[in-house]
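Reader: I am new to this structure and would like to go through it step by step. Could you show it to me before I ask anything?

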Amino acid sequence: MQNQYVAETRQFPDQIQDQTRAQSMSSKRILLVEDEFSIREMVSFALGQEGYVIDEAEDGSSAELQIANNLPDLILLDWMLPDTTGLELLRRWKRKDALQETPIIMLTARVEERDKIDGLDSGADDYITKPFSVKELTARIRAVLRRGSSSIENEVVVGPIKLDLNAHRAYVNEESINMGPTEFRLLEFFMTHADRVYSRNQLLDYVWGRNMYVEERTVDVHIVRLRKLLKPLNCDQMIQTVRGYGYRFSAKT
Ligand code: CA
C-alpha cells in the first residue's frame, strides 16, 4: 500500500516533472491513518498531486509499523479505527520523543464539542470533520506545517519570552534566565500551548509523563518556582491561575 500512488504517477514522464516541481516546494512525508479505502484513495491522490509523499495505514498497528520505517512530517489520523481509536494513538504518539514535534490532524466524523476538546487537549494540532473537501484538507495541512516550521529552528517565542529548544535556554528580552530542567519543560509546554487552560493532572501527564508518580501539588511547587524566576522580568503574570481548574499561559493579561 505504501507510496503506491506516488510510485505509479512517477511512471509517467510528464507527471515526473510536475511531481518534481511540487516536491521541491513541499516534499513532506504524510502518514495517512484511515480504515476507509475510499477516503484513503481520495486523500492520497490529492496530496500526491500536491507533491507530498504519502504513507498509508488502515489501522493502528500498521500505522506503528509505518512510523517505525519512516518518520512522517505530519500525520492525518482517523478517529475510529478497527483496532484502536485515533485518540488513543494520538495520546501514545505525543508521548514519544520522536513524534513530539510531528503535527497531527484528526479526521473525524464526530462533531461533538467534547470530542473536539479531547482531541485538542491530547495534543492534536487541528482536526477536520468528515466529509471534507480536498481543498480544505490541503489548506489545513499547509497551515499546520507552516506553524510547525518555527520548531525546525527550534525556537519558541511568546511575548517577550524566547526558548531555544536545542540549547535548553530561556531568554526574556534577549536576557538569559537560568532555570532547572523541570521549570524549562513546564515553560516549554506552556509556551507551545499558550492560551489554553490545563488542570494540574493534565500538566502532570504532559510535562512529567504518565509513568511518573508525582502528586498534583508538585505542579504548584514548580509553578511557584517558575513565577519567581519570571517575576524580576515582569513575566510572572503570564502564568495565570484559573480558579477551580488549573493554569493557563498567556501573553494577554
Ligand atoms: Ca474510520
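Reader: How many helices and strands are there in the chain?
Author: This is a predicted model, in which local features need pLDDT of at least 70 and side-chain atom pairs count only at pLDDT 80 or more, while totals for chains, interfaces and linings use all residues. Residues are numbered from 1 along each chain as its sequence is written. Helices (H or I, at least four residues) and strands (E, at least two) are DSSP runs, numbered from the N terminus. On that basis, the chain has ten helices and twelve strands.

Reader: In what order do the five strands of the open sheet with parallel pairing lie?
Author: Two strands pair if DSSP finds at least two bridges between them. The edge strands, each pairing on one side only, are β2 (53-57) and β5 (126-129), and β1 (residues 29-33) is joined to β2 by five bridges. The parallel order is β2-β1-β3-β4-β5.

Reader: At what angle to β2 does helix α3 run?
Author: Axes are lines fitted to C-alpha atoms, for helices over the stretch in contact, and angles run from 0 to 180 degrees between N-to-C directions. Helix α3 (residues 37-49) lies across β1, β2 and β3 (74-78). Its angle to β2 is about 165 degrees.

Reader: Which residues of helix α5 are buried, and why do they line one face of the helix?
Author: A residue is buried if 20 or more other C-beta atoms lie within 10 Å of its own, exposed if 12 or fewer, and partly exposed in between, with C-beta atoms placed from the backbone. Seen down the axis of α5 (residues 86-94), the buried residues fall within an arc of 105 degrees, so they line one face; the arc is that of the directions from the helix axis to the C-beta atoms. The residues are G86, L89, L90 and W93.

Reader: Is L204 buried or partly exposed?
Author: L204 is found in helix α9 (residues 200-208), where L203, Y206 and V207 are buried. Leaving aside its neighbours within four places in sequence, L204 is in contact (C-beta atoms, placed from the backbone, within 7 Å) with V214, E216 and V219. Because L204 has 19 other C-beta atoms within 10 Å, its class is partly exposed.

Reader: Against which elements do the buried residues of α9 pack?
Author: The buried residues of α9 are L203, Y206 and V207. They cover an arc of only 85 degrees around the axis, which puts them on the same side of α9. The elements they pack against are α8, β10 (197-199), α10 and β12 (246-249).

Reader: How does α8 lie relative to α10, roughly perpendicular or roughly parallel?
Author: Helix α8 (residues 181-192) and helix α10 (residues 216-230) pack at an angle of about 85 degrees, with their axes 10 Å apart. Angles under 35 degrees count as roughly parallel, over 145 as roughly antiparallel, 65 to 115 as roughly perpendicular and the rest as oblique. That makes α8, relative to α10, roughly perpendicular.

Key:
Contact = placed C-beta atoms within 7 Å.
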